[in-house]
Amino acid sequence: MAQGSKQFIQVLGGIALLALVGCSSNHSQYVPVVDATRPQAERIATPAGQQQIRSALLEQYEDWKGTRYQYGGMSRSGVDCSGFVYLTYQDKLGQSVPRTTQQQARVGVPVSRHALQVGDLVFFKTGDKDRHVGIFLGDSRFLHASTSKGVTISNLNNRYWASNYWMAKRVASR
């Protein structure tokens, strides 16, 4: 197939996807809007797709806000950081990620802090062997299950989080 035809089909497919996304009234289900011209591992959400991801993440926050931190927890009676990320990706973004912070840190593509996109995983070293994970919301904010505040939104520029920032990952099929 000629290169021009491929591009036309990609543009046409993108328009159809945007039409579907625009007509969708089910906000609990995430439909990605991605740049299909990039290799799978490098795909990032378009600005419209990022807004849709942010909306789904904020909806999850409203549902879970204040849920207490419980190591190993996976319910509204108590959840840990990686469990919250696991459930959020599954329930709101329609995607599977591993269950533990250590395993989550091994998936996806590394992302520099200045290139973070909504939905990227952000990781912190909070002790010699302790790690923490959250989901980037944009505007230097991230959603996570904090040991002191439960499910909350924090700022990456906060002194504690900035000094313990470790790395970020973009989960490839997002």
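This is a predicted model: local features need pLDDT of at least 70, side-chain atom pairs count only at pLDDT 80 or more; totals for chains, interfaces and linings use all residues.
Residues are numbered from 1 along each chain as its sequence is written, local features need pLDDT of at least 70, side-chain atom pairs count only at pLDDT 80 or more, and totals for chains, interfaces and linings use all residues.

The model contains an open sheet of six strands in the order 3-8-4-5-6-7, with antiparallel pairing, where strands are DSSP runs (E, at least two residues) numbered from the N terminus and two strands pair if DSSP finds at least two bridges between them. Strand 3 (109-111) and strand 7 (150-155) stand at the edges, and because each has a single partner strand, one side of each is left without a neighbour in the sheet. From one strand to the next, the twist averages 35°.

Strand 4 (residues 121-125) is largely enclosed by the rest of the structure, because four of its five residues are buried, that is, under 20% relative accessible area with a 1.4 Å probe and protein chains only. Strand 4 pairs with strand 5 (residues 131-138) in the antiparallel sense over five bridges, and the two form a hairpin with five residues between them. Along this pairing, Lys125 has Arg131 as its bridge partner, while Phe124 stands opposite His132. Strand 4 also pairs with strand 8 (residues 165-170), in the antiparallel sense over four bridges, and there Leu121 has Lys169 as its bridge partner.

Helix 2 (residues 47-64) lies across strand 5, strand 6 (141-146) and strand 7, running at about 125° to strand 5; helices are DSSP runs of H or I with at least four residues, and angles run from 0 to 180 degrees between N-to-C directions of lines fitted to C-alpha atoms, for helices over the stretch in contact (heavy atoms within 4.5 Å). Helix 3 (residues 81-92) packs on the sheet, touching strand 4, strand 5, strand 6 and strand 7, and its direction makes about 40° with that of strand 5.

Note on methods:
Side-chain values use heavy atoms; hydrogens and water are left out. Buried means under 20% relative accessible area, exposed over 50%, partly exposed in between (1.4 Å probe, protein chains only).
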